[in-house]
Amino acid sequence: FPSHDKATYDPQSWPVQARLWLYKAGFSNDDIERHGFYYHEPTRRVVLPVRINGEAVYWQARSVDGRQPKYLNPLVNKDKLYAPYGSGPCIVLTEDILSAARVSRVTEAWSIMGTALPTGVLVTLLQQQRPVVVMLDPDPAGAKGAARIAKQLSLLGVQHSVAVPHRDPKYLTKQEIVTCIESSAPWACALGLSVAAPSQPTAGS
């Protein structure tokens, strides 16, 4: 991980550009601190740690001043890598970390950090024995990825649906997330999702 001795966890102490990136996705200062996101001054990046069962296993560091590459991350085996957030009656699969954190306001969400579902993550998903909602970004790559994942889940007999948001999930309101999930399949309406539900803690913490 980028050195923690240079980490700034209080978002009010971050540069404006760093805060705005998360504010635009609907994250409050409390949300940012609760998820453990921090600003790393030496690299001028916002760091998003990924924890599974309390263990830090991965991170993404995003530039906020236009420097390239936009994202830095460690080179690791991603076969079993996902970023879990929240809890709930179903598991929603998203592409990016912020989308999973956002969707976790209404149910459990896993970021698969891309449009492909690795075999190791699929095995872990099967062990959960819960319905799955695939909610990738609404672009051609997301549509192709969602179709591939739906086929994988169908072959294994997993109850699932594909939800197509009208914009990236990280920009959806709670009501839009609930509506998107419930409109994806008849069974999803019986999940009992609520916009009044409090924001969920990180599943992997």
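In what order do the 5 strands of the open sheet stand? This is a predicted model, and its strands line up as β1-β2-β3-β4-β5, with antiparallel pairing. At the edges stand β1 (7-8) and β5. Each of these two pairs on one side only.

Strand β3 covers residues 45-52, and strand β4 covers residues 55-63. The two run antiparallel and are joined by 8 bridges. Val 50 has Tyr 58 in β4 as its bridge partner. Arg 51 has Ala 56 in β4 as its bridge partner. The chain turns between these strands in a hairpin, with 2 residues between them. In this hairpin, Asn 53 takes a positive phi near 55 degrees.

Side chains along a regular strand have a simple pattern. They alternate between the two faces of the sheet.

Is Tyr 71 buried or exposed, or something in between? Tyr 71 counts as partly exposed because its relative accessibility is 35%. Leaving aside residues up to four places away in sequence, Tyr 71 touches Trp 21, Arg 45, Gln 60, Ala 61 and Arg 62. Val 47 is 24 residues from Tyr 71 along the chain, and their C-alpha atoms are separated by 9.5 Å.

Trp 21 is one of the buried residues of α1, together with Ala 18, Arg 19 and Leu 22. Where do these buried residues sit around the helix? Seen down the axis of α1, they fall within an arc of 155 degrees, so they line one face. An α-helix has 3.6 residues a turn, so residues three or four places apart point the same way. What covers the buried residues of α1? The cover includes the helices α2 (29-34) and α3 (97-103), along with the strands β2 (38-40), β3, β4 and β5.

Leu 20 counts as partly exposed because its relative accessibility is 39%. Together with Val 16 and Tyr 23, Leu 20 makes a nonpolar surface patch of about 240 Å².

Next come the charged side chains. Those of opposite charge can pair when their charged atoms come close. The model has 7 salt bridges. In one of them, the side chains of Arg 105 and Asp 31 meet at 2.9 Å, N to O.

A second salt bridge joins Glu 108 and Arg 130, with the closest N and O atoms 3.0 Å apart. This pair also links distant parts of the chain. Glu 108 is in strand β8, while Arg 130 is in the loop between α4 (119-128) and β9 (132-134), 22 residues apart. Glu 108 counts as buried because its relative accessibility is 8%. Some salt bridges share partners, and these join Asp 31, Arg 34 and Arg 105 into one network.

Arg 67 and Asp 65 form another salt bridge, their closest N and O atoms being 3.0 Å apart. Arg 67 is partly exposed, with a relative accessible area of 34%. Asp 65 also counts as partly exposed, at 34% relative accessibility.

End the tour at helix α4. Which residues of α4 are buried? They are Gly 120, Val 121, Leu 122, Thr 124 and Leu 125. These residues pack against the strands β7 (91-94), β8 and β9, and against helix α5 (140-155). After α4 comes Gln 129, whose phi is positive, near 50 degrees.

Technical notes
Residues numbered from 1 in each chain as written. Predicted model: local features only at pLDDT ≥ 70, side-chain atom pairs only at ≥ 80, totals over all residues. Heavy atoms only, no water. Pairing = 2+ DSSP bridges. Helix = DSSP H or I, 4+ residues; strand = E, 2+ residues; numbered from the N terminus. Patch = residues over 30% accessible without salt bridge, like charges linked within 9 Å, V, L, I, M, F, W, Y side chains within 5 Å. Areas by Shrake-Rupley, 256 points an atom, 1.4 Å probe, with all protein chains shown as cover. Salt bridge = Lys/Arg side-chain N within 4 Å of Asp/Glu carboxyl O. Buried < 20%, exposed > 50% of the residue type's maximum accessible area, 1.4 Å probe, protein only. Arc of directions from axis to C-beta. Contact = heavy atoms within 4.5 Å.
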